[in-house]
Structures are given as structure tokens and as C-alpha cells.
Amino acid sequence: MGVQFGDLIPKTEISLKFLRNKTVAIDAMNVIYQFLSSIRLRDGSPLKNKNGDITSTYNGIFYKTIYMLENGMTPIWVFDGKSHELKEKTKEERRKSREGALDSYMEAKEQNNLEEMQKYAKRANFLDKKTVDNSKKLLELMGIPYVNAPSEGEAQCAELVKANNAFCVISQDYDSILYGAENVVKNITSSNKDIELIELEKTLSGLNISRDQLIDAAILIGTDYNPGGLKGFGPKKAIDTVKKGKMENYISEIENYSEIRKIFDEPNVTTDYDITLKTPKKDELAEFLIEENDFSKDRILPNIEKISNLLGNKKSQKSLEAWF
DNA sequence: CTTGCCAA
DNA sequence: TTGGCAAGG
């Protein structure tokens, strides 16, 4: 979900070309859930292998990575670790909403209502550990780097940007700017030509507040750690309040305020990661996708060659840069 | 989500 | 070229 800042955050429309030759940190779980909900057959069912395991996730990771490489980007996929205990309420809400969607799906199925089935199937996404582990394995076989965040993926993505190891975070949520990421990019898709760039500096100067105040405003509106925020506060009132220096008046009303602040001020991240591109393991990659997960050989093999060539070029580019 | 195909 | 639609496992 993320903080609901509404239209108050200034956005710049950029083109795909703008991201050429840039490294991007992808909030993996965020994107994987999107794959899970949107990569489906006409009847709303996800892609599956012979064993019945869902493979929409692998399809999305494979083709999206190739798409990004072809457009000159170098992706780093960042996976969530253990979430903070204050996030339990949010996680519970999401679980309930998925279960509700599943019930509605079953009901629609009984009534043979295809439209309703599609609608609710998209919302009933359950991601298991095996799928996440296999997603990492897939990236490894492709030679694409990934990072295991100790806690929040978005915080770890922000760390990569702050450390100049990536230009921006890719996520549907803006929350990474709260963790200090200078740039967040939304909506990289092949159909959507307009991509949104959100810049921390521009956001702060546009609203005329500090990052400190932005975090306070977010807490008033509601974060994953205090869902719903303080009653009566939307983006407008929250920004107004911090701007006028009236945050002090509300701190006592916010449960766990200092603990929540700490999550954003001193995010739990690691600086120990390997983000170098590796040579793809072509045979194992083919084995994983074609043999284990029933992807079509005719589609996969040419794409494996493509990855191999694209990464080969990138690596020689990088070593050339290092030489000079 | 992505690609591929086909029609305007 | 562009846009809409079907298919992918």
C-alpha cells in the first residue's frame, strides 16, 4: 500500500531513454505481486507448471529483466527480509483482504461468473517461500544481481541509491523517499510510455519542508507501521501541520511514535552485497524454465541467447570503463 | 506483466 | 507506425 500522499508529491514524466545506462534497484516483492495479479490466462487463472505450481512470477521476472536490459538498464532485484513487528497489523489486513478475495472468487466460480472470477482472482495472491526462493534462483541463473534485505526491501533499495550503487528505486509506492532515496520511478511498462519520476529534493523544495517533516507528515497520514494514521489527517492537513511546526501537539496521540521514527531514521539495511553481473548459466536456465516449469522451448531459447549477448556487452562495457 | 500478430 | 487483442504455463 504505502503512504497515501495523494497528488501532493511532484512527479516528472520521463521517457524510457532517460533510464538508459542507469542501474535501478527493484523492490522485488512489490513487482512480483504485480506479476502474480496480472499475468493470467483469459479465465483469470495464473500460469502453472505440470505440478500445479504458479509460474506467472518467473514469467514476469524473466521477460521484465530482458526488457530492462534491452533498454539499457541494469536491474538489481531487492527482496524483503523479516518485517518489523509494528507491521503486523498491516500484514494482517492484507491477509484478510486476500482471503476475502478468495471467498468472493469461489462464490463467483460457483455462479460461473467469469468477469467476477477474473476480478477476485487478481486480488487473491498468495506468495509462498518456494516461489520466492525459485525467483532468486532464476535471477542467479540469468546472472542478474539480487540483494536480500535484512528487513524492508524499500529501505534496502534506498540504501543502494544513497550509496550510489543505483540511480533510482523502482516501486509502485513512494515510501522509499522516506528512507532517503533520491529518486523513485513508477510504472515502467512496455505499454505505458509515460513513466513517473519522484525526486526527494524536488518533493521537499516543492512542499517547502525538510525530510524530517516529510516523515512526520507520513506518520500523521498513516504508514505500514501505523495504518490509517491519525484520525482526520489526510495529505493536505498533515503537510500543513508539520509546516506550521505543530507536530509536537500530536505526538502523544500517535502510538509508538518514536519507534516508527526510528524505522525511517535508522533503517535496518545491509551494506554487504554483491551487485556484479555474472555470466548466465544457459543450460541450467533452460532446464529450470523449460524442463521444470514447462515454458515453451521455442520462446525461451532465443531469449536466453539474448540475455547472454546483452550481459556480455554490458560486462565488456564495464571493464572498458574501469580501464580508463 | 510481456510479446506477437494483425488491422487500420 | 500505432493500437487493440490474444496468449503465455
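A residue is called buried if 20 or more other C-beta atoms lie within 10 Å of its own, exposed if 12 or fewer do, and partly exposed in between, the C-beta atoms being placed from the backbone. The model is a predicted one, in which local features need pLDDT of at least 70 and side-chain atom pairs count only at pLDDT 80 or more, whereas totals for chains, interfaces and linings use all residues. Residues are numbered from 1 along each chain as its sequence is written, and chains are lettered from A and ligands numbered from 1 in the order in which they are written.

**Domains of chain A**

- Chain A is assigned a domain 1 that covers 1–207 and a domain 2 that covers 209–266, with bounds that come from an automatic or database domain assignment.
- The C-alpha centres of domain 1 and domain 2 are 25 Å apart, and their contact involves 18 residues from domain 1 and 19 residues from domain 2, where two residues are in contact if their C-beta atoms, placed from the backbone, lie within 7 Å.
- On the side of domain 1 that touches domain 2, the elements giving two or more residues are α3 (88–110) and α7 (200–207); helices (H or I, at least four residues) and strands (E, at least two) are DSSP runs, numbered from the N terminus.
- That side of domain 1 has 10 nonpolar, five polar and three charged residues, with Ala, Val, Leu, Ile, Met, Phe, Trp, Tyr, Cys and Pro counted as nonpolar, Asp, Glu, Lys and Arg as charged, and the others, Gly among them, as polar.

**Surface near DNA strand B**

- The residues that surround DNA strand B include Q34, F35, Y63, K64 and T189, a residue being near a molecule or strand if its C-beta atom, placed from the backbone, lies within 6 Å of it.
- Helices α1 (28–38) and α2 (56–70) each supply at least two residues of this surface, and α2 gives the most, with four residues.
- By class, the surface near DNA strand B has four nonpolar residues, six polar residues and one charged residue.

**Annotated binding site**

- An unreviewed UniProt entry places the feature "binding site" at D27, D80, E152 and E154, in the numbering used here and with feature names shortened, and such annotations may be inferred rather than shown by experiment.
- These positions are spread over 128 residues of sequence but cluster in space, with a largest C-alpha distance of 9.3 Å.
- D80 lies in the loop between β3 (74–79) and α3 and counts as buried because it has 20 C-beta neighbours inside 10 Å; leaving aside neighbours within four places in sequence, D80 is in contact with M29, A149, E152 and G153.
- E152 lies in the loop between β4 (146–148) and α6 (153–162) and is buried, since 27 other C-beta atoms are within 10 Å; residues up to four places away in sequence not counted, E152 touches D80, S83 and P267.

**Helix α11 and Y257**

- Y257 belongs to helix α11 (residues 257–265) and counts as partly exposed because it has 16 C-beta neighbours inside 10 Å.
- Y257 touches I219 and I251, not counting residues up to four places away in sequence, and its C-alpha atom is separated by 9.3 Å from that of D216, 41 residues apart along the chain.
- The buried residues of α11 are I260, I263 and F264; they cover an arc of only 90° around the axis, which puts them on the same side of α11, the arc being that of the directions from the helix axis to the C-beta atoms.
- An α-helix has 3.6 residues a turn, so residues three or four places apart point the same way.
- The buried residues of α11 pack against α8 (211–221).
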